[in-house]
4 protein chains.
Amino acid sequence: MSSFGQNYRVHTYGESHCKSVGCIVDGVPPGLKLTEEDIQVQLSRRRPGQSDITTARSEFDTVHLQSGTEHGVTLGTPIGLLVQNKDQRPHDYAETDLYPRPSHADYTYLAKYGLKASSGGGRASARETIGRVAAGAIAEKYLKEAYGIEIVAFVASVGKVALPFAEEEDEVLGKEYMDLVNTVTREQVDKEITRCPHKETSKKMEEAIRAAKAKDDSLGGSLTCVIRNAPAGLGEPAFDKLEAVLAHAMLSIPSTKSFEIGSGLRGTTFPGSIHNDPFIEGVDSRTGEQTLRTSTNWSGGIQGGISNGEDIYFRIGFKPPATIAQAQSTARYDGSDGVLAAKGRHDPCVVPRAVPIVETMAAIVIMDMVLQQNARKATASLLPPLTHLPPTMVLPGKSTVQAVVNGKDVGEVQSQKVGEE
Amino acid sequence: MSSFGQNYRVHTYGESHCKSVGCIVDGVPPGLKLTEEDIQVQLSRRRPGQSDITTARSEFDTVHLQSGTEHGVTLGTPIGLLVQNKDQRPHDYAETDLYPRPSHADYTYLAKYGLKASSGGGRASARETIGRVAAGAIAEKYLKEAYGIEIVAFVASVGKVALPFAEEEDEVLGKEYMDLVNTVTREQVDKEITRCPHKETSKKMEEAIRAAKAKDDSLGGSLTCVIRNAPAGLGEPAFDKLEAVLAHAMLSIPSTKSFEIGSGLRGTTFPGSIHNDPFIEGVDSRTGEQTLRTSTNWSGGIQGGISNGEDIYFRIGFKPPATIAQAQSTARYDGSDGVLAAKGRHDPCVVPRAVPIVETMAAIVIMDMVLQQNARKATASLLPPLTHLPPTMVLPGKSTVQAVVNGKDVGEVQSQKVGEE
Amino acid sequence: MSSFGQNYRVHTYGESHCKSVGCIVDGVPPGLKLTEEDIQVQLSRRRPGQSDITTARSEFDTVHLQSGTEHGVTLGTPIGLLVQNKDQRPHDYAETDLYPRPSHADYTYLAKYGLKASSGGGRASARETIGRVAAGAIAEKYLKEAYGIEIVAFVASVGKVALPFAEEEDEVLGKEYMDLVNTVTREQVDKEITRCPHKETSKKMEEAIRAAKAKDDSLGGSLTCVIRNAPAGLGEPAFDKLEAVLAHAMLSIPSTKSFEIGSGLRGTTFPGSIHNDPFIEGVDSRTGEQTLRTSTNWSGGIQGGISNGEDIYFRIGFKPPATIAQAQSTARYDGSDGVLAAKGRHDPCVVPRAVPIVETMAAIVIMDMVLQQNARKATASLLPPLTHLPPTMVLPGKSTVQAVVNGKDVGEVQSQKVGEE
Amino acid sequence: MSSFGQNYRVHTYGESHCKSVGCIVDGVPPGLKLTEEDIQVQLSRRRPGQSDITTARSEFDTVHLQSGTEHGVTLGTPIGLLVQNKDQRPHDYAETDLYPRPSHADYTYLAKYGLKASSGGGRASARETIGRVAAGAIAEKYLKEAYGIEIVAFVASVGKVALPFAEEEDEVLGKEYMDLVNTVTREQVDKEITRCPHKETSKKMEEAIRAAKAKDDSLGGSLTCVIRNAPAGLGEPAFDKLEAVLAHAMLSIPSTKSFEIGSGLRGTTFPGSIHNDPFIEGVDSRTGEQTLRTSTNWSGGIQGGISNGEDIYFRIGFKPPATIAQAQSTARYDGSDGVLAAKGRHDPCVVPRAVPIVETMAAIVIMDMVLQQNARKATASLLPPLTHLPPTMVLPGKSTVQAVVNGKDVGEVQSQKVGEE
């Protein structure tokens, strides 16, 4: 099913050559200021043709709001929106149609549906992501206004060129990398056409991409994404742990290969005594209130599947684009051997354009979790206060549980005075 | 919500010290032979106390079927099942309760719920996985009987000790590793107490675990899991791509840090010309029929989010267990500094016991996808045949789409004779 | 959430004065011939301005397919579609805006969202049903082609004018009414502008509607809907019984007040000895095969929440439209008393236009249930045959269960030979 | 799927002769005082053997909490609970097994699953409702404590004996009936063994039931249920209108035939000028605050699918039990004619025992809607206030929308000061 989310729910439609691609976004809170411009920003960062290292096709991808707002304010009802496809004709037959493209969706769509869109993978087209980017842009707007949440993704590697993740063998992740995670802004990211905000690395990435392009080849890479100022308490135990839903969201982006939360796979090579994040007293970055913080953040802001108020960061790998102009030896549908060379202009490397897709998918996940947690908190807050709970169930040495529930949010879990047992 | 799956749906309940843990499994096909023994096998592989490198606690975790079968056959109705908890008393107060355990769920559960189970993380306990393992064991039984599907997970790394993933810098993954992926059996895996079927590596892992244990420390690691004989066509485009749902399932297992499909993050460092999987004519391993195969399998058996009939394999990272007996400097709930040392016996390394959890979660995902795809195929198969579709939409040069829809499955998509256009 | 269905899932968007109303339909089987004309038929039967007893506004409600088909055939991917709104301006302020309209959604939308579309109820507008009618028209097309399923709704009462449901006090429902249920066609229904296919009653209804209109008043009424040729086995035990989901679907149509399956409330006044439907040997109307039938059908084709192969019929009540031109004494938003008289042209009676809405919602329900049941049947059919089940679990005296699973469907539940016990 | 609800989600399992029946309840707010006694109350009102006009079997149906609470307080995690079945043996073969019981689920379960529980309908057994009653009892506890919500159901008719719904032809519903709706308590209901709180009618019902029992026959009937003190704003526009979800819930109870909201089918015979509910200034019954009320309540407390703060009431019809000891002419599975007479003791009339089932299903629906609405309100409340919205979108003549959002609830939609336009 082409839907994502429980309480903030996105449904998308559209193939590469149909009339339009679009989505319905359900669960947008009423009273949010919202115009097409708010959504267009991320669609424009996503669209092809932004620099000479991405595909040369240039589509404007202008969003058209259909419903759910009036006078620039959301009504709380579903938001329909769409982007016209420029090229709406079914695909003409070509000699290349005798081949299922290697590592593409042509073959699997036939296996799944028994027939396919004439142009190949249909919904596997990157244009399918337009709906999600738009839906996520709405979520971002809310999260920024209501919680001050910032979501920033940046390119961390292209082919074999990577950021300095660690300077020393024995450190989990290095200072330079963690500084980027903790402070980098979208403006800094967009300054580089690679969207890698580390100038030196970016230059090498650019060279690598141009070299691949010159050879009619393609390159993969990876992105890091950080979510700042998310309140503690997001994520549902068991199946819908925050990192699990983030992984689901990220691996649903075309061409993704891997997801790592916090210290990731590298973190698994360190012992618990180093990897654990000790608690310290600190200040909530969002509310300025005193609260428990952690002195390191190898957990990536999530413990037991639930956010702890620290920065949530993760890294996503993208494979090299499957469509290359280089000739490939591969079988035709009928099993006979042949040689396929793709025509047209293709992205030699998709990771720069993936930045807004990753950010907006992250926003959709956080928005959904915020709604789920607010339902719980607001509903629990209406119960009469509890007394005489044993101190192992609440905050030892404190009379209420409020202190750890951070921030200014309404619907705080009710004060629970703990008597002596 | 503590539910997973759309058509094969698992709901779990239970904390570490409540009466029992269990689940309801909905969507089990009627007519499957099923006894408690079928389920017990994987529960016994999961339970603590299996060797001296896992926790010394020994619980038997005997499953009790409550409903959904009669005379050893499933009725098609929900299956309720449970495992008694041995220690059902709420936790007694101890000095350690002044501390939220570092990298544990104590703090985040308080932030989420405003109160917590006296023993700490509640649902974050590894005992929560019992329900899923049971539900997945049922799915495994079906998949084996109906499709001949085999699911095998094995330990790929412990701390810094890892399998030889590649022998050469310039190969995506090496022959030795891919041979394991392609052929290893559960019997071979269970021969080693580390559950790493590579004898030499296993020995080093064992030493590393014993060394960590001696220092009251813990180690992380990673698992590789392979699904063989899954039919092509599984996975839903857009949000529920097969790898996305697998990532969701795997990252919902406690302590997981990363998920990689196929060639994973390493694959992203290679150019498209090497990473693409060319098609070749071959034989379906399950049905013996002629079909298209791929000569390499860096895609991990999934293209465009849909299975292509090759082996589906992925790797999952697990962090070192947060509970260590070593003293840790960390703040108390009230913000004051202190030193915490955990008591009791703990797993120095969880990855050997994670093997059946990973396998059964994989089975749940595949089972769900099988039901979704069978709904589509059986429903589409009742439509009258189509004629005169352009050859770009069906199989060029063939008169039907049947050839690529593999296997003996009923509900095949209807023959679509393509005329000349 | 604005979604309906599990496997055939409809998501709608749109208010009365936004740019367009529309929907995304997910789960449409691939390979179904489908054009905009197929959908337009039911939209045209739904639209205002069809006769002088409905509202005089005339909107054409032309559907525009956005995705999911190529060359007139469904791809199996989500179908996006929309209908432009003619009047897209926000509502101008008027004196009537001081009043929440009695029995309308103005007040409750404010209570729910804190703000509302300027024109009033927003999503409570009858235009919201356009998306569902379109989605249901697609389902109807499939059900007709694959199963020969016919769905016909007709007007059963208007105000106090009703069809002769029973001629005698002591009969559950009368022959004349049941004949309509069993045989009436859409053509016969559309011959009368009231859409009551009983000429004599229709004439009285017309008079009643004209009389109400002359008094600036409105009339309610009821519809009967019948689904013919649905296979046995549809509906999910416990919560998603077929009649429960039908009731959900029907009560989600604006202005509905009641739902009755089969003999309905009247049936509850008869004793079991009369109300039970005895089994008889008969012929499956769809397949022509010998099968068990029932001699009466007070169950309305559903027993234990599951279809039994007989006609499924139910009746839905609609309240008189809340918007009337007659002056009404009612409070303003500020609590002060006043008199409200609606302007503009309104339907004095909505039941004739409700006919296609009821039919298409019924089609959505049946389509969803067909997909769920086909998933189960096709999946179960791959299991090896069972032997030695006790005769109380299968068909006593028969060697397989096939005989009662009706029809030509693929994915039949596997032959289960029962041995002697 | 055996699940109900979006945010308050109930999953049930169990047939009549398996080990136990039970459920998992997900979404219970943390911090609610809850013991087994709280749940037992409604289970005991539901169980067989309460009077000589219900079945003589006597089962105690003692509930066992498995998880989700500690020290008598909910943790916010899933609550597992179960009730042992007394008779856990599969059914022995009898001559009656040659027959599908008329109007029972034997035949349809075979059609659906291809095999069935030996005792017949399996999940169609009334014991399936035990899980829901337990889950609903938890919801009732919360709703009472947090909102003061009262839910009371009572028997409205048995066979042809009915409450005086209206005294005059031209009144929608009569004073005597509406007084019951507005004021009747569970204590008053339980005083009569028929659970009809109208003494005179109850007496006639009792006679009717005894007469039916004497003839080995059965009687149907109907229940009215009222929900008092529900806040305005519950229910989701379009598909999940409050009455639609209530209808779904009620029609999912075994043996139900009809659902009517408010004035119901009778209301459809009156013109809009009488049926509309005019607004008046009044006092919120729950909070004591000044608010808009309606002078009549034919809407049944719901307008546009959303609660308006008035009493929500509806009526549900139940068919006469299908199992009767009277001989019935009906075909055997093999199509041959025969005569079937049920053995054992059966309820001649189920409506008295249906009272707690209806109440608890209603509680589940309201609880789910409360969570959904609280998610929206709490989330929207964090947005900055809006200014300059046109008066048609907010409350004309008031500076905020607060006035109509009733009550003491936290998470109130933010003040929206409306400027001049």
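**Chain contacts and strand pairing in a predicted model**

Trainee: How many residues does the contact take from chain A and from chain B?

Mentor: Two residues are in contact if their C-beta atoms, placed from the backbone, lie within 7 Å. The copies meet through the same surface, because 100% of the interface residues of chain A are also interface residues in chain B. The contact takes 115 residues from chain A and 115 residues from chain B.

Trainee: Is strand S11 of chain A largely enclosed or exposed?

Mentor: A strand here is a DSSP run of E with at least two residues, a helix is a run of H or I with at least four, and both are numbered from the N terminus. A residue is buried if 20 or more other C-beta atoms lie within 10 Å of its own, exposed if 12 or fewer, and partly exposed in between, with C-beta atoms placed from the backbone. Six of the six residues of S11(A), residues 256-261, are buried, so this strand is largely enclosed by the rest of the structure.

Trainee: Which residue is the bridge partner of Phe259(A) in S11(B)?

Mentor: Strands pair if DSSP finds at least two bridges between them. Within chain A, S11(A) runs antiparallel to S16 (residues 312-318) over five bridges, with Thr256(A) opposite Phe318(A). The partner of Phe259(A) is Phe259(B).

Trainee: Which strands of chain B stand at the edges of the sheet?

Mentor: Five strands form an open, antiparallel sheet in the order S1-S2-S3-S7-S4 of chain B. Each edge strand has a single partner strand, so one side of each is left without a neighbour in the sheet; these are S1 (3-4) and S4 (63-65) of chain B.

Trainee: Which element gives the largest share of the side of chain B that touches chain D?

Mentor: The contact takes 37 residues from chain B and 36 residues from chain D. Elements that give two or more residues to the side of chain B are S2, S3 and S7. The largest share, four residues, comes from S3(B).

Trainee: Is Pro271(D) buried or exposed?

Mentor: Pro271(D) is found in the loop between helix H8 (264-267) and helix H9 (272-275) of chain D. Not counting residues up to four places away in sequence, Pro271(D) touches residues including Gly159(C), Asp217(C) and Pro320(C). With 23 C-beta neighbours inside 10 Å, Pro271(D) counts as buried.

Key: Residues numbered from 1 in each chain as written. Chains lettered and ligands numbered in written order. Predicted model: local features only at pLDDT ≥ 70, side-chain atom pairs only at ≥ 80, totals over all residues.
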